[in-house]
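Look at the fold below before reading on.

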Amino acid sequence: MGVETSSAWQALQLHSDSGMGSVHLSKLFQDASRQENYSLELSDVYVDFSKNRITQETLQLLIDLAEQQKLPKEIHRLMTGEHVNDTEDRAALHTALRALGKDVSGYAEVVQPEVEQVLQEMAVLTEKIRSGHWRGYSGKPITDVVNIGVGGSDLGPLMITHSLQTISSPINLHFISSIDGTQTSNLLRGLKQETTLFILASKSFTTIDTLSNAETAMDWLKECIKDEHIMFSQHFIGVSTKPDKMTEWGIPPDNQLLFWDWVGGRYSLWSSIGFPIALKIGMDGFRELLQGAHEMDQHFATADLQKNIPVILALIDIWNINFLNIHDKAILPYDARLRYLPAYLEQLVMESNGKSVARSGEAVPYKTCPVLWGEVGPNAQHAFYQLLHQGTQAVMCDFIAPVERDDFDADSHTERDESLRHQHELALANCFAQSRVLMLGDDAIPQALKASFDSPFKHYSGNQPSNTILIRTISAKTLGMLIAMYEHKTFVESVVWEINPFDQWGVELGKLIAKETYSAIKDKPLADSFDSSTKGLIDRVAK
């Protein structure tokens, strides 16, 4: 019997059917104290979840569901390094990567010396490159570092370094992930072999996308470097769980950074996969990122469920998905530095919980993961907000914004700083206004403008649920807290839905069939056993 037949689930279904499923948010906001009662704060992170169709009764029923599913026990198992990834029979110990030797027990405590050793190795390489002591083949210091990876080996470092772009760095960072070669070709055209260093980041060191781009980089370097030993020792660093495969490929042991099989790809930015982040902000900054995540970890592990930010956000999404039939979620950051956050969370959430089979091996009869998408808010307002406001489907939204900016002087009154301050205030005004209109619909229209909106084409239904997440400023610490919050939220949802969020078998078959299809493109008769569509497409390419 699955969770959908349990007493806690059935109580929530009855609660929805009895009226909460159709209540309008405008009615709930007749309570003047609602925002205060439906918000939580931890250090530099503030979460307002008042614009959801919930009451205290709803929250209590959701907490009952979490307790029925033994959530506190599962949190403990995750944090201490038990084998919560049961289909692969291993731990998911990303929290141990950022514990920095504190507040850990079980296997998470056992691995701390290994984690610290890799952090120290990262520090040595980081200092050598940032100080200009790492030299290319001609003796000139490295100025450009290119990270070659895909998925978690690309999205995490890319998202964090772009978010922290206002921090000055002696190194120019670049990222390559696309297998089609265009990205690689365009980038290399603007770089110099003598001052470029490549990071090959791959958990298995067999990922065809990464190795294909690495071969292109190697061929580019060979145009100027005839000695392969010099090329590999001065222009390549490897990051992987497979030192033997890195060595076989040509990367010397001194140029290798390791991590472990208990680090999932989409949880790996906290490991040596985050090496580009350290190059961008320095090792002290990287440790600040870890510390921010650890602060959220401790909150997640110790706070009561009723006051636990990741738990509450997860339970609200479960309410929206399973009881209000809202199956889409938009991530809407109101700061261009967070441009890659939606893409990062798409992988985190949909690769983790895009599952239709429970841990028992049985098919689940209920919805699990929402379809997640998003864009920087001001851009999205001129794109898909039309659907949010007047479309035919409900969408839950997370609005994310920094309260302060750190790229101008708050006390300065120069024309530039005044302009930047004005722009920031406009961004916040748009953020708050959009969530208000999504909530209230026509009720948000000022009385003086009512007549101009008296048209069916200008009708706003409202009642779209949202959370507003404010961080004090965009910093290594707040980004650590924010990403850890979403990681734990995703885990809580998996516990309630009884699925494993740490495997990704859905990705594997496509990779295998791609290799078979590539062979058929090179040797056309191999496609004779394929379906007519695939065979026809291969024939078209051959012609």
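## A buried asparagine

Asparagine 213 is buried, with a relative accessible area of 2%. Buried means under 20% relative accessible area, exposed means over 50%, and partly exposed lies in between (1.4 Å probe, protein chains only). Asparagine 213 sits in helix 11. Helices (H or I, at least four residues) and strands (E, at least two) are DSSP runs, numbered from the N terminus.

Which residues is asparagine 213 in contact with, leaving aside its neighbours within four places in sequence? They are Ile148, Ile176, Ser177, Ser178, Ile179 and Thr184. Contact means heavy atoms within 4.5 Å.

## How to read the model

This is a predicted model, where local features need pLDDT of at least 70, side-chain atom pairs count only at pLDDT 80 or more, and totals for chains, interfaces and linings use all residues. Residues are numbered from 1 along each chain as its sequence is written, and side-chain values use heavy atoms, with hydrogens and water left out.

## Domains

The domain assignment gives domain 1 (3–68 + 303–497), domain 2 (106–279) and domain 3 (507–541). Such bounds come from an automatic or database domain assignment. The C-alpha centres of domain 1 and domain 3 are 42 Å apart.

## The largest pocket

Rolling a probe the size of a water molecule over the atoms shows where empty space is left. The search uses a 1 Å grid over the protein atoms alone; a pocket is an open set of points where a 1.4 Å probe fits, with protein on both sides within 12 Å along at least five of seven lines, while in a cavity the probe cannot get out. Lining residues have an atom within 4 Å of a point. Grid points are joined across faces, edges and corners, and a volume is the space filled by probe spheres set on the points.

The largest pocket has a volume of about 1100 Å³. Its lining has 38 residues, and Ser204, Thr207, Gln504, Glu508 and Lys511 lie nearest its centre. Helix 9 (152–163), helix 11 (208–222), helix 16 (341–353) and helix 21 (505–522) each supply at least two lining residues. Helix 21 gives the largest share, eight residues. Domain 2 and domain 3 each provide at least three. By type, the lining holds 13 nonpolar, 14 polar and 11 charged residues. Here Ala, Val, Leu, Ile, Met, Phe, Trp, Tyr, Cys and Pro count as nonpolar, Asp, Glu, Lys and Arg as charged, and the others, Gly among them, as polar.

## The second pocket and helix 5

The second largest pocket has a volume of about 250 Å³. Of its 20 lining residues, Ile75, His76, Met79, Gln298 and Ala301 are the closest to its centre. Helix 5, helix 6 and helix 14 each give two or more residues to this lining. The lining divides into 11 nonpolar, seven polar and two charged residues.

Which residues of helix 5 (residues 71–80) are buried? They are Leu71, Glu74, Ile75, Leu78, Met79 and Thr80. The buried residues of helix 5 pack against helix 4 (56–68), helix 6 (94–97), helix 7 (107–110), helix 14 (275–302), helix 15 (309–323) and helix 20 (476–497). After helix 5 comes glycine 81, with a positive phi near 90 degrees.

## Charged pairs

Side chains of opposite charge can pair when their charged atoms come close. The structure holds 25 salt bridges. A salt bridge is a side-chain nitrogen of Lys or Arg within 4 Å of a carboxyl oxygen of Asp or Glu.

Aspartate 44 pairs with arginine 472, their closest N and O atoms being 3.6 Å apart. Aspartate 44 lies in the loop between strand 1 (39–42) and strand 2 (45–48), and arginine 472 in the loop between strand 11 (466–471) and helix 20, so the pair ties together parts 428 residues apart in sequence. Aspartate 44 is buried at 18% relative accessible area, and arginine 472 is partly exposed at 38%. Arginine 472 also forms a salt bridge with glutamate 404 (3.3 Å, N to O).

Aspartate 539 forms a salt bridge with lysine 535, the closest N and O atoms being 3.3 Å apart. The two residues are four apart in helix 22 (residues 532–542), so about one helical turn separates them. Aspartate 539 is buried, at 17% relative accessible area. Lysine 535 is partly exposed, at 25%. Shared partners also join Asp44, Glu295, Glu404, Arg472 and Lys477 into one network of salt bridges.
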